Amino acid sequence: MKKTICLLYFLAASVISVSAQDSLITELSKEYMKTFLPQNNSFAGQGWDYILEKTMKPNYILIGEDHLMNEVPMFCSALLNHVKFDNFFCETDPFSAKIIESKISEMSEPELAKFVSDYGNSFSFFAMKPELDLLKQVAAANTDVYGIDQILVVADRLICSELKLITKNGRSVRLSGY
């Protein structure tokens, strides 16, 4: 019986402790919460003003994301309209990042559209239009793009097609199949 009473006392104490932590988090959230809403391909509100203020000061900004969320490219794009970044590190491999960045900078719109049609499924993170549009904006701002991921399993086609353009070895071109 004493064990049961001790156990009940311990459970009651832990519920009070958990409740106290929750109320502290709730209290702090209410005190520091700032909101913002989408507005005209950007954002507005006290939270957006706070984000802009905070992004002007540091040398580095990290933006996390969940895959397939179109709000992330929209958020980054809106931020890029207010802040100049020297470097953009992204979720693709270093080779593909430089290839795509150079094609965006060098090609006309029709040429780029064909390039995307031919190789777009190998662009990893930038295979979807909102992310590719973000990369176009980054390239147009003369921001250096750095890929920090592994080579996507189907990106070999993109990389080999670029290597084929620069090789001096005719036999390599014939053997590549690309």
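Is Asn40 buried or exposed, and at what relative accessibility? At 74% relative accessibility, Asn40 counts as exposed, where buried means under 20% relative accessible area, exposed over 50% and partly exposed in between (1.4 Å probe, protein chains only). The structure is a predicted model, in which local features need pLDDT of at least 70 and side-chain atom pairs count only at pLDDT 80 or more, while totals for chains, interfaces and linings use all residues. Residues are numbered from 1 along each chain as its sequence is written, and side-chain values use heavy atoms, with hydrogens and water left out.

The protein chain has 8 helices and 4 strands. Helices (H or I, at least four residues) and strands (E, at least two) are DSSP runs, numbered from the N terminus. In order from the N terminus, the elements run α-β-β-α-α-β-α-α-α-β-α-α. Of the 178 residues in the protein chain, 27% are buried. Contact means heavy atoms within 4.5 Å. Among contacts between residues at least 6 apart in sequence, 73% join residues at least 24 apart.

Helix α3 (residues 71-80) is largely enclosed by the rest of the structure, because 8 of its 10 residues are buried. These buried residues are Val72, Pro73, Phe75, Cys76, Ser77, Ala78, Leu79 and Leu80. Their cover includes β2 (42-44), α2 (46-55) and α6 (129-140). Trp48 is placed in helix α2 and is buried, at 2% relative accessibility. Leaving aside neighbours within four places in sequence, Trp48 is in contact with Thr35, Phe36, Ser42, Phe43, Phe75, Ala78, Leu79 and His82. Trp48 and Phe36 are 12 residues apart along the chain, and their C-alpha atoms are separated by 5.4 Å.

Two helix pairs were examined for packing geometry. Axes are lines fitted to C-alpha atoms, for helices over the stretch in contact, and angles run from 0 to 180 degrees between N-to-C directions. Angles under 35 degrees count as roughly parallel, over 145 as roughly antiparallel, 65 to 115 as roughly perpendicular and the rest as oblique. Helices α4 and α6 pack at an angle of about 70°, with their axes 10 Å apart, and are therefore roughly perpendicular to each other. The crossing of α4 past α6 is right-handed; a crossing has this hand if the near helix is turned clockwise from the far one by less than a right angle, and is left-handed if the turn is anticlockwise. At this packing, Ile100, Ile104 and Ser105 in α4 meet Leu132, Leu135, Lys136 and Ala139 in α6.

The axes of α5 and α7 come within 10 Å and cross at roughly 130°, which makes α5 oblique to α7. Phe115, Asp118 and Tyr119 in α5 meet Arg157, Leu158 and Ser161 in α7. In helix α7 (residues 156-166), the buried residues are Leu158, Ile159, Ser161 and Glu162. Seen down the axis of α7, these residues fall within an arc of 160°, so they line one face of the helix; the arc is that of the directions from the helix axis to the C-beta atoms. The cover of this buried set includes α4 (94-106) and α5 (109-119).

Several loop positions were also examined. Thr92 lies in the loop between β3 (87-90) and α4 and is buried, at 1% relative accessibility. Leaving aside neighbours within four places in sequence, Thr92 is in contact with Ala97, Phe123, Ser124, Phe126, Gly147, Ile148 and Asp149. Ser124, one of these partners, is located in the loop between α5 and α6. At 26% relative accessibility, Ser124 counts as partly exposed, and its phi is near 55°, a positive value in a residue other than glycine. Asn40, in the loop between β1 (37-39) and β2, also has a positive phi, near 50°. Most residues other than glycine have a negative phi.

With a disulfide taken as a pair of cysteine sulfur atoms within 2.5 Å, the count comes to 0 disulfides. Cys90 is buried, with a relative accessible area of 5%, whereas Cys160 is partly exposed, with a relative accessible area of 27%.
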